[in-house]
Amino acid sequence: MSTYECEICGAKFCNNVQCKMLIKQKSTMSSFSYKTHFGQLEGELRENHARLEEQKVALREEKLRKFLNKCEDLFEDALSKIEGASVTDTSLVTIPTGLPEMAPIDDSLYSNYVSHLKDILDTAFSKSILEIIEEPQNAVSSSSFDDQDWLNDILEKLCTTCKGGCCRSGSHKAYLNEGSINRIRMHNQMITKKELLDYYISHIRADHIQGACINQTNTGCSLPRELRSDTCNDHFCASLTNYIRKPTKNVIAIQSNCSPLGLTNGDFVDIVDIVFIDEESSRTLTHGKSGE
């Protein structure tokens, strides 16, 4: 059972007065007496919670169904207005939205980031290059599709349009770990710990996206790709993962004003942009809330 799960009804962060009363009674009564007097009530509370959860799931699924149907209609309308594009060479991709506001990087965020860098550098440099190379998990990782430059270009444009929905949780760690440092050392075996620390620090901007990764800016990641974590280089949200399975050279991206998780649980707000993307460019087809 989760630490935050009510032992009576099973809800997380439960504030039910009856549940609190039963928890108190449990601590003062024998198991037999408690079950005799309150067993039925506890069962009813648990059933009520389960029923409410089912209703929430059904509501989310209905909202998501309506959203996806709306996206299909918008996709067909947009496709009809794009010369040369067809349903056989154009994919519909729904994408989330990153946080919008820039703010100065405060002293606490800066110091925590530098402290984290020093920790992972110390751990990484405690091993020799030979030890790193011999570890199977340190094989060089890359998300690039070497024989499909056009796909790399489209994925980059999709992530740029999203504006870092996946960067929201980066905070002061930026998804960097010992493995990130080891990958860099394998490519540049002469680099020192101090040089690498200075290299990371030199890419810290004065401002970043408020509430997100320290390296996220309004123009993208402040780190060059070779300094980013494997998570940042290799991770794709669910929408892009689905697109990669069957990619096309044209994409109509429908952007919802929500987090990446919101696109999977129906917790979206509205459609804010429709963007046509190919390997050459991206252009906005509509802008602003589309309404229901």
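Before anything else, the rule for a charge over a ring: I count one if NZ of Lys or CZ of Arg is within 6 Å of the ring centre and within 35 degrees of the ring normal. With that rule I find R185 over the face of F125, at 4.1 Å from the ring centre.

Ground rules. This is a predicted model, where local features need pLDDT of at least 70 and side-chain atom pairs count only at pLDDT 80 or more, while totals for chains, interfaces and linings use all residues. Residues are numbered from 1 along each chain as its sequence is written, and side-chain values use heavy atoms, with hydrogens and water left out.

**Entry 1: the whole chain**

I looked up the secondary structure and got 10 helices and eight strands. Helices (H or I, at least four residues) and strands (E, at least two) are DSSP runs, numbered from the N terminus. Of the 292 residues, 39% count as buried; buried means under 20% relative accessible area, exposed over 50%, and partly exposed in between (1.4 Å probe, protein chains only).

The chain exposes about 17000 Å², and carbon and sulfur atoms supply 52% of that. These areas come from the Shrake-Rupley method with a 1.4 Å probe, and for residues only the protein chains shown count as cover.

For contacts I use heavy atoms within 4.5 Å. Among contacts between residues at least 6 apart in sequence, 70% join residues at least 24 apart.

**Entry 2: the cores**

Which residues have the most contacts inside the largest nonpolar core? A nonpolar core here is a set of buried Ala, Val, Leu, Ile, Met, Phe, Trp, Tyr and Cys residues joined through side-chain atoms within 4.5 Å. The largest has 20 residues, and I get Y113, L117, L176, I181, L196, Y200 and I214 as those with the most contacts. Helix 3 (107-125), helix 6 (178-187) and helix 7 (193-201) are the elements that give two or more residues to this core. Helix 3 supplies the largest share, six residues.

I then picked L196 and left aside its neighbours within four places in sequence: L196 is in contact with L121, F125, I181, I184, I191 and L227. There is also a second, separate core of 17 residues, which includes V93, L240, A253 and I277.

Rings of Phe, Tyr and Trp (its six-membered ring) pair if their centres lie within 6.5 Å, with planes under 30 degrees apart stacked, over 60 edge-to-face and the rest tilted. The count comes to zero.

Strand 1 (residues 90-95) is mostly covered, with five of its six residues buried. Strand 1 runs parallel to strand 6 (residues 250-256), and six bridges join them. My pairing rule is that DSSP finds at least two bridges between the strands. V93 has A253 as its bridge partner in strand 6, and V93 and A253 both turned up in the second core.

Does strand 6 run parallel or antiparallel to strand 7? They run antiparallel, joined by seven bridges, and the partner of Q255 in strand 7 is D273. Strand 7 (residues 271-278) has eight of its eight residues buried, so it is largely enclosed by the rest of the structure.

**Entry 3: Y243**

Y243 lies in helix 9 (residues 238-245). Y243 counts as buried because its relative accessibility is 4%. Not counting residues up to four places away in sequence, Y243 touches S91, V93, W150, L151, I154, L155, L158, T248 and V251. I also took a C-alpha distance: Y243 and T94 are 149 residues apart along the chain and separated by 9.7 Å.

Most residues other than glycine have a negative phi. A174, however, has a positive phi near 55°, and Y175 has one near 65°. A174 sits in the loop between helix 5 (149-162) and helix 6, and Y175 is found in that loop as well. A174 is buried at 3% relative accessibility, whereas Y175 is partly exposed at 28%.

H203 is in the loop between helix 7 and strand 3 (207-209). Why does H203 count as buried? Because its relative accessibility is 18%. Neighbours within four places aside, H203 is in contact with S222, L223, P224 and L227.

C14 is in the segment before helix 1 (17-26) and is partly exposed, with a relative accessible area of 23%. Leaving aside neighbours within four places, I list C6, C9, C19 and K20 as its contacts.
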